[in-house]
Amino acid sequence: MWSLFWLRVAAALYSLGLLQTLLTLFRRGEKLAAPARTAFSLGVVLHFVSLVERGFAIGHLPTTSVYESLSLCAYFLALTHLLIAKWYSFPSLSFVVFPIVFLLTSLASTEIPTAGWADPGLRSAWLNAHILLVTFGYAAIVVTAASAVFYLLQERHLKAKAVGGLFRNLPPLGTLDSLTSKAMAIGFVLITLGFFTGSAWAFVESGSRWLSEPKVHVSLITWLFYLLIMYLRVAAGWRGRRAAFLAVYLLLFSGLTWVSHSGLRPLLER
Amino acid sequence: MKLHLAGLNHKTAPVELREKVAFDAATLEASLNELTRIAGLEEGLILSTCNRVEILVSAEEGANAKQCIETFLESASHVSNGKLAGHLYHHEGKEAIHHLFRVASSLDSMVVGEPQILGQIKAAFTAAKSAGAAGHDLEFLLTRAFSVAKRVRTETEIGSSAVSISFAAVELAREIFGSLKDKKVMLIGAGKMSELAARHLKRSGIGEVLVTNRTRSRAEQMAQVFGGQVVDPDKMLSALPSVDIAITSSGAPHYILTQDNMRPVMAARRNRPMFLIDIAVPRNIEPAVNDLEAVFLYDIDDLGRVVEKNLKGRLSEAKQAEAIIAEEVDKILERIEARKITPLIVKLQEQVEGWRKAELERVRTKLGDLTPQQHEVVDALVRSLANKMLHGPMSELRASVGKPEGEMTAEIVRRIFRLGDS
């Protein structure tokens, strides 16, 4: 089925955009900016080819299955983004659009289950990689939230002008802010990689059933929330107090996700 | 050895006198050599800072060290005879140690708790050592003084409080920004107070200084002092977003910065923290500015409260520090006494060992040929007898160190064992 093939190629091209987003967090995004944009435009073209082929194959607009509508939605989002980029100067928008387009397109390309694992060793290595990435990601989120709480305490103490006492030994506000943003960025990279490796694992493991798992939805929401926070921080310059609150919410979300996944274990030991 | 310390400091002598007495770093070695050449003085150290000149010596018992040091200071400083006398203090023995420990711990400083003095003493000691003026006695004492100062610093908070207004401002800036290295400060109004605060900030490594003032010539003058730039008063608001610390001290009768005109500034800063110091009376910055996110506004009274709190804290910390020093002085005195008793103990051991060997030799000729085994038995017998007899006097000597009966015990042991004078 050629339509699916082109969709997967488009997803692969979109993945460059995700990489670009991650690099932006560490101020290394400039080099990849132009290639990522080209790849994205190319992806949009191939995506269109995929949609047209699908349309001809089934004889009507491809919106009947979840996968088809996901694909269409991703396509329109990508197209809109290209138009906005053409008409307005809004470079930071790609920070969120690239990852979301990649996410939707790759979800749409999971319509037909793969043949399963070629090798049981690969299966467990893949799973371990996913678990390690997510666990380190959680650790980074805990650091982020702790440093955010210290930030809020120190900020309150400086605002109240009650110098000395309990808060004297807290690190300076600037140090805490930079620690929060570094830990948050590292956590985002780890969680993103963990999220996609986990999704890929679940897809290979349980075919098309995996999308209906509630914990998949929980992780998806957490990841989207994380993406939003990073966007607010990078593009809207949210830092300090507001960013610190967001970091604390992020920890709550991640805790929820973790709880929903600890139920995964019995399922894995088959 | 007996320790003497004499000198003058900011409490006993005015700066006009202190600057005459101060030793030049270039000629310090020659002065140290001159000091230790004086008969009766064994080791010496010269501490010369802008707030104090002190001479520490280890002298022979009975030497008139006080007079020696005074003469030395007068001849070294070209101060006419007798002029120095009223300003000098002199401590010996325990008092000298106590004073040294207090100075090293910055309890005797003009700004109590300031950290430079310890480094200055370390430098003075290094100079004395390399000039050959400081030996075992001073090494023993100074090493201890350094660790006492460290103990005071870690166990009390004496070094962490800010005392002056401008110092408090710098401390607060550090609490907000951490390093001040690439931060920018703007002086709005070029008064004396803001100059002082800017000087402090500059010394703490602030990056750039901007000055804005109604009278341009004054702004230029001040900008030159700090290697900064002048900003036109009309362009003050547009320059503000890049500024991290602003100090206002202008004579304007109304608010220069209000919540309304600070809001866009903070937006342009993307809410990076900003520290506003308003030392003008009447105030230059609307108090409501403090309600904006990431703005920390301190007026002169807020800073005053910080200083006051620190002073109070410092008093109680100083009390704690004094207690530590008293404890450490007792400890080192005990160790000095123990050092005194060491030669006597060595002598005692040598005396008994000599007797043991002589007796063994004498008896061996009388007994004739002994088998190695028999020889070993006799040897062991004499040795254990000697050790048993030594045990009592030695532990008595050690136990009486530093106690009133110490000298008497030492004398009795000396007499009983025929040790002569030591």
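Two residues are in contact here if their C-beta atoms, placed from the backbone, lie within 7 Å. Keep that in mind for what follows. This is a predicted model, where local features need pLDDT of at least 70 and side-chain atom pairs count only at pLDDT 80 or more, while totals for chains, interfaces and linings use all residues. Residues are numbered from 1 along each chain as its sequence is written, and chains are lettered from A in the order in which they are written.

Let's start with chain B as a whole. It has 14 helices and 10 strands, taken as DSSP runs numbered from the N terminus (helices are H or I with at least four residues, strands are E with at least two). Of its 422 residues, 37% count as buried, meaning that 20 or more other C-beta atoms lie within 10 Å of their own; exposed means 12 or fewer, and partly exposed is in between. Among contacts in chain B with a separation of 6 or more, 70% join residues 24 or more positions apart.

Now for a pair of helices.

| Helix pair | Residues | Angle | Axis distance |
|---|---|---|---|
| α12(B) and α13(B) | 300–367 and 372–399 | about 160° | 10 Å |

That angle makes α12(B) roughly antiparallel to α13(B), the label for angles over 145 degrees. From α12(B), the residues that meet α13(B) include Ile341(B), Leu344(B) and Arg356(B), and the α13(B) residues they face include Asp379(B), Arg383(B) and Leu390(B). The residues of this contact divide into 12 nonpolar, 1 polar and 4 charged. For that count, Ala, Val, Leu, Ile, Met, Phe, Trp, Tyr, Cys and Pro are nonpolar, Asp, Glu, Lys and Arg are charged, and the others, Gly among them, are polar.

Next up is α9(B), residues 216–226, whose buried residues are Ala219(B), Met222(B) and Ala223(B). They cover an arc of only 105° around the axis, so they sit on the same side of α9(B). These buried residues pack against β5, α8, β6 and β7 of chain B. The face turned away from the buried side carries the exposed Ser217(B) and Gln224(B). Just after the helix, Gly227(B) takes a positive phi of about 60°.

Finally, the two chains meet: 14 residues of chain A are in contact with 20 residues of chain B. On the chain A side, α5, α6 and α8 each supply at least two residues. The largest share, 3 residues, comes from α6(A).

Conventions: The arc is that of the directions from the helix axis to the C-beta atoms. Axes are lines fitted to C-alpha atoms, for helices over the stretch in contact, and angles run from 0 to 180 degrees between N-to-C directions. Angles under 35 degrees count as roughly parallel, over 145 as roughly antiparallel, 65 to 115 as roughly perpendicular and the rest as oblique.
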